[in-house]
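Reader: I'd like to learn how to read a few features of a structure. Could you walk me through one?

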Amino acid sequence: MVAYPPGSDTDVMARPYKGVAPSVTDVVAGHIPVALVTIGPVRQYLKAGKLTAIAVADPDRTPFLPNVPSIAESGFPDVRLRAWNAFFAPAAWSAVPAGGSPAKLGARVAADYRQLGRLIDELKIQAD
């Protein structure tokens, strides 16, 4: 168990899942108290009143949930957990991505690894 977000008095235990859907199902069913997921998979549950959005893990509010505070507004301005997706393919792949480059994606992945590595060290997170 670790305090997360850092500086809070909320203890969180990381629980690995094989995808977002099983974790969302477990939150809806009450098997786990919370999950950190993107908005898309939970939107239907939010609309149906089966889940409550506590905060978005971006520095700013999102237009998709304008009444939900950002993690920064919730008292944790140093937490940065923006979600993003990318296509990954074997090194021999010849297609050039539109609007970006493998180098830009590599820089983004490296930056996120550094940020999350610091968080893992700070919270003393270990794999079991």
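Reader: Where does valine 56 lie?

Author: Valine 56 sits in the loop between helix 2 (43–47) and helix 3. Helices (H or I, at least four residues) are DSSP runs, numbered from the N terminus. This is a predicted model: local features need pLDDT of at least 70, side-chain atom pairs count only at pLDDT 80 or more, and totals for chains, interfaces and linings use all residues. Residues are numbered from 1 along each chain as its sequence is written, and side-chain values use heavy atoms, with hydrogens and water left out.

Reader: Is valine 56 buried or exposed?

Author: Buried means under 20% relative accessible area, exposed over 50%, and partly exposed in between (1.4 Å probe, protein chains only). Valine 56 has 8% relative accessibility, so it counts as buried.

Reader: Which residues is valine 56 in contact with, leaving aside neighbours within four places in sequence?

Author: Contact means heavy atoms within 4.5 Å. For valine 56 the partners are Arg61, Thr62, Leu65, Val68, Pro69, Ser70 and Ile71.

Reader: Now helix 3: which of its residues are buried?

Author: Asp112, Leu119 and Leu123 are the buried residues of helix 3. Seen down the helix 3 axis, they fall within an arc of 30° (taken from the directions from the helix axis to the C-beta atoms), so they line one face of the helix. On the other side of helix 3, the exposed residues are Pro102, Ala103, Tyr113, Arg114, Arg118 and Asp121.

Reader: And where does isoleucine 120 lie?

Author: Isoleucine 120 is in helix 3 (residues 102–123). Its relative accessibility is 38%, so isoleucine 120 counts as partly exposed.

Methods. Helix = DSSP H or I, 4+ residues; strand = E, 2+ residues; numbered from the N terminus.
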